Amino acid sequence: MNFLIVGLGNIGKEYADTRHNIGFMVADELANQAGTTWSTLKHAYYTEYKQRGHNVYVIKPTTFMNLSGKAVNYWMQELKVPVQNILVIVDDLAIPFGSLRVKPKGSAAGHNGLRSIEASIGGQQYPRLRFGIGDNFSKGRQVDYVLGPFDKEEQRELPALIEHSVKMVNSFINIGIELTMTNLNTK
């Protein structure tokens, strides 16, 4: 079976360690643990590996967040991955920092990357791993918050949360979304 893991983020050094790039950070750790390297291909940084007989393809769209759907749709078609075998890793303001939740589908909830994916693949019926970044910002400061770095306390917790996210991705691939939700979703 083929799986497409999509880490959402923005390209460029200025975005590297921001909350909005947590998808890239988790994808980087997946590639690191699999011992693979990234290639720059059409619409994305791309890598692949095998896991328990499954082909796992990982992308980090190079289209910028608001056009992520272009990369997801292209690679989904190119690699012939069914929509239920796609897992999008995304930052989520609606859940507290430290909460990690896999869901089989859902709304974009104002997230431009998810909105773009919905428009490109024709709906909300794709799995996602929601990485909680909280909403600790004052009115009108949402963009600064999501495009800002994690604070010092969050940075201390980040490695364990990224590791748990990788565990969730591997579980999704190996035992499916339902058991992953039951066993590994947090708070």
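This is a predicted model: local features need pLDDT of at least 70, side-chain atom pairs count only at pLDDT 80 or more; totals for chains, interfaces and linings use all residues.
Biologist: Which residue does the UniProt "active site" annotation cover?
Modeller: His20, according to an unreviewed UniProt entry. Such annotations may be inferred rather than shown by experiment; positions follow the numbering used here, and feature names are shortened.

Biologist: Where is the place of His20?
Modeller: His20 is in the loop between strand 1 (2-7) and helix 1 (22-34). Helices (H or I, at least four residues) and strands (E, at least two) are DSSP runs, numbered from the N terminus.

Biologist: Buried or exposed?
Modeller: His20 counts as buried because its relative accessibility is 12%. Buried means under 20% relative accessible area, exposed over 50%, and partly exposed in between (1.4 Å probe, protein chains only).

Biologist: Which side chain does His20 join in a polar contact?
Modeller: That of Asp91, at 3.0 Å. A polar contact is a pair of N or O atoms within 3.5 Å; within protein, one must be able to donate a hydrogen and the other to accept it, and residues adjacent in sequence count only if both atoms are side-chain atoms.

Biologist: And Asn10, where is that?
Modeller: Asn10 is also in the loop between strand 1 and helix 1, and is buried, with a relative accessible area of 8%. A polar atom of the Asn10 side chain lies 2.8 Å from the backbone nitrogen of Met65. Leaving aside neighbours within four places in sequence, the residues in contact with Asn10 (heavy atoms within 4.5 Å) include His20, Phe24 and Met65.

Biologist: Switching to helix 3, which residues are buried there?
Modeller: In helix 3 (residues 112-121), they are Gly113, Leu114, Ser116, Ile117, Glu118 and Ile121. Their cover includes helix 2 (68-79), strand 5 (86-92) and strand 7 (128-132).

Biologist: What comes just after helix 3?
Modeller: Gly122, with a positive phi of about 85 degrees.

Terms used. Residues are numbered from 1 along each chain as its sequence is written. Side-chain values use heavy atoms; hydrogens and water are left out.
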